[in-house]
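Colleague: I'm new to this one, could you walk me through it?
Modeller: Gladly; have a look first, and then ask away.
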Amino acid sequence: MTGLTITVMKLGLLAILWIFVLLALGVVRSDVFGAGSRAGRGRAATKAAPVPAAQLADRPSARPRRGGVPTRLEVVSGSLAGTNVALTGVQITLGRAHDSTIVLDDDFASSRHARIYPDATGQWVVEDLGSTNGTYLDRTKINGPTPIPLGVPVRIGKTALELKK
């Protein structure tokens, strides 16, 4: 082999190494800062403001159609099983980030994974926030804001949450 061939092979290997390093940094960046920092560039963000509980109580249509009005969100499986969060009309954020309402210690959860909030009719809705592994309502992967029926599990990795009375 000539010296020129060896030099070209060294430069090619160096280029491949730098590509790997940059891809790894991109993954770490999206995990630390959330997938929304990159995913939100190409499309308009649609964030619905939470409806205050006082307004929800005044509406006759505020009651979900099935099983009554949920009053709490309960973690039914995962490392936080048994944890309850009162449903007060404000959004609940789920993820590994320390400022989340429910901090998930789950390898399959993103830092800003999903949110649960009441819509204009008072129905509680789950929305995936661009997570890597997705959010599931029972066994179905959700692609947009999806109403949560009472007692149906919302699954994020090994963690399952349900709306309860």
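Colleague: Which residue forms a salt bridge with Asp99?
Modeller: Arg112 does, with the closest N and O atoms 2.8 Å apart, a salt bridge being a side-chain nitrogen of Lys or Arg within 4 Å of a carboxyl oxygen of Asp or Glu. This is a predicted model, where local features need pLDDT of at least 70 and side-chain atom pairs count only at pLDDT 80 or more, while totals for chains, interfaces and linings use all residues. Residues are numbered from 1 along each chain as its sequence is written, and side-chain values use heavy atoms, leaving out hydrogens and water.
Colleague: Is Asp99 buried or exposed?
Modeller: Asp99 is exposed, with a relative accessible area of 56%, whereas Arg112 counts as partly exposed at 38%; buried means under 20%, exposed over 50% and partly exposed in between, using a 1.4 Å probe and protein chains only.
Colleague: And how many salt bridges are there?
Modeller: The count comes to 4, and one of them joins the side chains of Arg115 and Glu127 at 2.8 Å, N to O. Arg115 lies in strand E5 and Glu127 in strand E6, so the pair ties together parts that are 12 residues apart in sequence, strands being DSSP runs of at least two residues, numbered from the N terminus. Both residues are buried.
Colleague: Switching topic, what does the side chain of His113 reach?
Modeller: It reaches the backbone nitrogen of Ser110 at 3.0 Å, and His113 counts as buried because its relative accessibility is 0%.

Key. Polar contact = N/O pair within 3.5 Å; in protein donor to acceptor, adjacent residues only side chain to side chain. Helix = DSSP H or I, 4+ residues; strand = E, 2+ residues; numbered from the N terminus.
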